[in-house]
Amino acid sequence: MIKLDIVNAVLAKLEGASISRVKAEQAVETVFESLKNGMGRGQRIELRRFGVFTVKPRKTGIGRNPRTGEEVNIPPGKAVRFKPGKELQGLREQ
């Protein structure tokens, strides 16, 4: 599924509401930008019945280049983690 599929789903759901494709695209883009900005600030994002996005620090370390075998320093960073909600966890069982 891509962003266009989500826009089309919004249009299909709001078919009788006379919403334009441009407005639906803007709404979907606004939601994604809000999520991205929140995670950029390190905030926890909880979407009920869907899941929780958290940003966790990643440790520094020493890795190895698989081609040359040379050691490479891995800088500290941040990683986004997702924990699915109960409804999404139920999809695995089907």
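The mean pLDDT of this predicted model, where pLDDT is the predictor's confidence in each residue on a scale from 0 to 100, is 92 for the protein, and 97% of the residues score at least 70. Among the elements, helix α3 (residues 86-93) has the lowest mean pLDDT, 79, whereas β1 has the highest, 96. Helices (H or I, at least four residues) and strands (E, at least two) are DSSP runs, numbered from the N terminus. Because the model is predicted, local features need pLDDT of at least 70 and side-chain atom pairs count only at pLDDT 80 or more, while totals for chains, interfaces and linings use all residues. Residues are numbered from 1 along each chain as its sequence is written, and side-chain values use heavy atoms, with hydrogens and water left out.

Strands β3 (residues 61-64) and β4 (residues 71-74) run antiparallel and are joined by four bridges; two strands pair if DSSP finds at least two bridges between them. G61 has I74 in β4 as its bridge partner. The two strands, β3 and β4, form a hairpin with six residues between them, and G69 in the turn adopts a positive phi of about 80°.

A pair of aromatic rings is described by the distance of the centres and the angle of the planes. Rings of Phe, Tyr and Trp (its six-membered ring) pair if their centres lie within 6.5 Å; planes under 30 degrees apart count as stacked, over 60 as edge-to-face and the rest as tilted. By this rule, two aromatic pairs are found. The ring centres of F50 and F82 are 5.5 Å apart and the planes are at 50°, so the pair is tilted. This pair links distant parts of the chain, 32 residues apart: F50 lies in the loop between β1 (45-47) and β2 (51-58), and F82 in strand β5 (residues 77-84). F50 is partly exposed at 37% relative accessibility, as is F82 at 36%; the class covers values between buried (under 20% relative accessible area) and exposed (over 50%), for a 1.4 Å probe and protein chains only.

The rings of F53 and F82 are also tilted, because their centres are 4.7 Å apart and their planes at 45°. Here strand β2, which holds F53, is linked to strand β5, which holds F82, across 29 residues. F53 counts as buried, with 18% relative accessibility. F50, F53 and F82 together form one aromatic cluster.
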